[in-house]
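Here is a friendly walk through one protein model. Please keep the sequence and the 3D view open as you read.

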Amino acid sequence: MSKSTRKSVLPATKSHGYEFQGPPGALVLSLGLPLVCYLAAFVCNDVSGCPIPSALHPRSLTLAKLKEEAGWPQDGIWGLASVRVSGFVLAYYLLSLVLQAALPGLVQQGVKLRSGARLEYKFNAFSSAVTILLGAAIGTYLDGADFALWTFIWDHYTQLITANLAIAFALSCFVYYRSFSVKAGNKHKRELAPGGHSGNLICDWFIGRELNPRITLPVIGTIDIKAFCELRPGMLGYVLLDLAFVAHQYKLYGFVTDSIILITVFQSVYVFDALWMEPAILSTMDITTDGFGFMLAFGDLVWLPFIYSLQARYLAVYPLHLGLSGIVGVLAVQAFGYWIFRAANNEKNRFRTNPKDPRIAHLEYMKTSSGGTLLTSGWWGFCRHPNYLGDWIMAWSYSLPTGIAGYIVKHGSPVVMSHGDMIDGQGFISGGPVKHQVLQGEARGWGMLITYFYVLYFAVLLIHRQLRDEEACQRKYGDDWEKYKEKVRWRLLPGIY
């Protein structure tokens, strides 16, 4: 490559350096997080229990026993993938692309790029999702819990993980390779991401070199790959997985519990709120700052739908009834978290738009040398990221409906009770050709490692996001940020962190 050619592909700004502890961290996350998805699928199942019995007695663990209890495919690792399942998943992605192109939508320009240009976006994720769910509703009305979509999802769960993982990997490789064709001042408004051109292949492939990779497809037109993945296949897939688990619970027991309804409603509201407010993604870090690499591709298409829905998958097999007091308790946690989240964001937004607003005019703040202002009282004096705290408290309401989780599946047990009946208040009779018992037994409590994993993961995610935010603020405000930290000591949880 000549000197003049190298100069033409250089980004407009310097790289921010390594994130996630550099190449070792990027490699561990790229290999480890997909394994977590498979581990959750096999360790918590409807074959032997959640967790599998051998996990409770590791000294008796053998490879043969582990395969049996985990429901390992008979044809080994090749059973994790299926050409047929992958074909259906690709058809689902194609349908999402067609709906984006065919349905009317709001056309809006994004934030100004470093070059001064703006990209154009079309928003109709909400109507696209409603269209697909309407088709699913018609199928469910005709076939009930046996509707082909719901049974397909349950029967091919691990193969669905593999298919979406393969798509995420392929997209990451495609956009990484294609990013080297980005040239300064190009007419397509292509740019490299500030944090995605460290020069290390693993880090840049993981973070993403190009800021907003786009592709033009025949008939469909131009697609912003990052924006498409952000709110379409994975987000709607999250809801479809939950609904499939609800259908499976009904198919097994003949009823649907308040716990799985509560979780499905919470998570569906979360998804459809994001879809309805789709233009809001234009100001998020994912769109404005991060490149599109394996981190976002995997997160959007695999991690979000398959990890976030673990609680509903658990309840599909162990149908816990909360009762009125349990429902009220979960709703109270959700409401408390939402109150903090919304109050903090409202306070910040009002201060930004009108500092003289009577509702926030009493708040204390400090001026910075860059011309900005930082709140030092109210919610933003309570801690530096109160909205993240509220978000984390709400995350508990996704896991609490699973209770003190854990169950053991006993196959072929002699039963005289009816399909769906309860056993001594702690287990259930599941229907099918051969009835089996689902009991908590010694697994009680250990299943929380699966059903409450989301709470732990979300805490790690928010802490990482908080660290990235504060690093950006340090660059922006300099010494003033140090003075601000002296005034507002706590980052997320006052007295602890």
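Predicted model: local features only at pLDDT ≥ 70, side-chain atom pairs only at ≥ 80, totals over all residues.

Let us start with strand S8, which spans residues 407–411 and pairs with strand S1 (residues 49–50) in the antiparallel sense over 2 bridges. Strand S8 is also joined to strand S11 (residues 436–439) by 4 bridges, and this pair runs antiparallel.

| Residue | Stands opposite |
|---|---|
| Cys50 | Tyr407 in S8 |
| Lys410 | Gln437 in S11 |

Pro51 itself belongs to the loop between S1 and helix H3 (53–56). In general, most peptide bonds are trans.

**The nonpolar cores**

Which residues touch the most other members of the largest nonpolar core? They are Val302 and Tyr407, in a core of 111 residues. Tyr407 is also the residue that Cys50 faces across the strands. Leaving out residues up to four places away in sequence, Val302 touches Cys37, Ile161, Asn164, Leu165, Ala168, Ala297 and Ile307. There is also a second, separate core of 10 residues, with Leu363, Trp379, Trp380 and Ile393 among them.

**A buried charge**

Glu69 sits in helix H4 (residues 63–70). Is Glu69 buried or exposed? Glu69 is buried and yet has no salt bridge. Its nearest side chain of opposite charge is Lys65, 4.3 Å away; a salt bridge would call for a side-chain nitrogen within 4 Å of a carboxyl oxygen. Apart from neighbours within four places in sequence, Glu69 is in contact with Asn45, Val47, Ser48, Ile52, Pro53 and Ser54.

**Two loop residues**

Val219 lies in the loop between strand S4 (214–217) and strand S5 (221–224). Its phi is near 70 degrees, a positive value in a residue other than glycine. Most residues other than glycine have a negative phi. Val219 counts as exposed because its relative accessibility is 90%, and the cut-off for exposed is over 50%.

Gly116 is placed in the loop between strand S2 (106–109) and strand S3 (120–123). With a relative accessible area of 40%, Gly116 is partly exposed. The C-alpha atoms of Gly116 and Lys189 are separated by 9.2 Å, while the two residues are 73 residues apart along the chain.

Note on methods: Residues numbered from 1 in each chain as written. Heavy atoms only, no water. Buried < 20%, exposed > 50% of the residue type's maximum accessible area, 1.4 Å probe, protein only. Core = buried A, V, L, I, M, F, W, Y, C linked by side-chain atoms within 4.5 Å. Contact = heavy atoms within 4.5 Å. Lys, Arg positive; Asp, Glu negative; His and termini not counted. Pairing = 2+ DSSP bridges.
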